[in-house]
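Thank you all for coming.

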Amino acid sequence: MTALEVLVQALRSLPGVGQKSAQRMAMHLLQHDRPGALGLAAALTAACERVGHCPRCHTFAEAGLCAVCADPERDARLLAVVETPADQAALERTGSFKGYYFVLLGRLSPLGGNGPREIGAAELLARASEGAVEEVILATSFTAEGEATAHVLGEALRARGIRATRLARGVPIGAELEYVDLGTIAHALVDRR
């Protein structure tokens with residue numbers, strides 16, 4: 001396999017990148033932006049060597065605790081459970097959540113081989129039971145697997161006397177009802193406030 005073919009295959013490992021897109025990126029980098037290609041290679045190498053997981057919440061961190069876990073101003077009574085570091089970043093960007101996080105690094109998927117052990121359910125239950133946590137917000141996705149994950153974790157938390165809530169779902173701001181899917185409209189009606 002040539003170096004170009006290896007590069008194309010490496011780019012295909014990115015989500016949403018197929019053969020043609022990978023070829024286009026490889027050709028562009030090699031033909032028009034060699035300094036950019038070298039910068040990308042250096043950045044990937046540095047990130048792979050220095051970025052790991054926060055020992056407390058499992059999001060990405062360079063050394064020890066992540067910035068959120070190290071922040072004493074956060075509300076220790078609230079713990080949001082998300083599937084990925086990207087989900088945590090999205091919640092942080094809203095500026096509306098001031099508690100701490102627990103990143104599952106996945107969701108329950110019996111067919112995919114992800115059970116409670118693989119997503120860190122025991123670590124979550126231990127963290128939620130530390131005493132300061134009053135509410136665990138299950139902020140998993142609204143897919144079948146995300147819903148199953150929220151259900152299983154919610155039941156386990158409630159069995160330990162820990163309040164577990166779920167993100168609300170409904171019609172997005174600015175949406176017209178005729179264009180919203182029926183399931184979303186139904187959930188919005190049931191979860192109305």
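**From one residue to the whole fold**

Let us begin with Ala-150, which sits in helix α6, the helix formed by residues 144-159. Please keep in mind throughout that what you see is a predicted model. Is Ala-150 buried or exposed? Its relative accessible area is 6%, and because buried means under 20%, Ala-150 counts as buried. Leaving aside residues up to four places away in sequence, Ala-150 touches Leu-138, Thr-140 and Arg-166. Thr-2, by contrast, is 148 residues from Ala-150 in sequence, and their C-alpha atoms are 46 Å apart in space.

Now to the sheet. Four strands form an open sheet in the order β4-β3-β5-β6, and their pairing is parallel. At the edges are β4 (99-103) and β6 (163-166), each of which pairs on one side only, and from one strand to the next the twist averages 25 degrees. Strand β3, residues 75-82, is joined to strand β5, residues 135-138, by four bridges in the parallel sense, and Ala-80 has Ile-137 in β5 as its bridge partner. Helix α4 (residues 85-94) lies across β3 and β4, while helix α5 (residues 121-128) lies across β3, β4 and β5, running at about 160 degrees to β4.

Finally, the pocket. Which helices each supply at least two residues of the lining of the largest pocket? They are α1 (3-12), α2 (19-32) and α3 (34-50). This pocket holds about 390 Å³ of space, and among its 13 lining residues, Leu-7, Leu-11, Leu-29, Leu-40 and Leu-44 lie nearest the centre. The lining comprises twelve nonpolar residues, one polar residue and no charged ones.

Definitions and conventions
Residues numbered from 1 in each chain as written. Predicted model: local features only at pLDDT ≥ 70, side-chain atom pairs only at ≥ 80, totals over all residues. Heavy atoms only, no water. 1 Å grid on protein atoms, 1.4 Å probe; cavity = no way out; pocket = protein on both sides within 12 Å on 5 of 7 lines; lining within 4 Å. Points joined across faces, edges and corners; volume = space filled by probe spheres on them. Nonpolar A, V, L, I, M, F, W, Y, C, P; charged D, E, K, R; others polar. Buried < 20%, exposed > 50% of the residue type's maximum accessible area, 1.4 Å probe, protein only. Contact = heavy atoms within 4.5 Å. Pairing = 2+ DSSP bridges. Axes fitted to C-alpha atoms, helices over the stretch in contact; angles between N-to-C directions.
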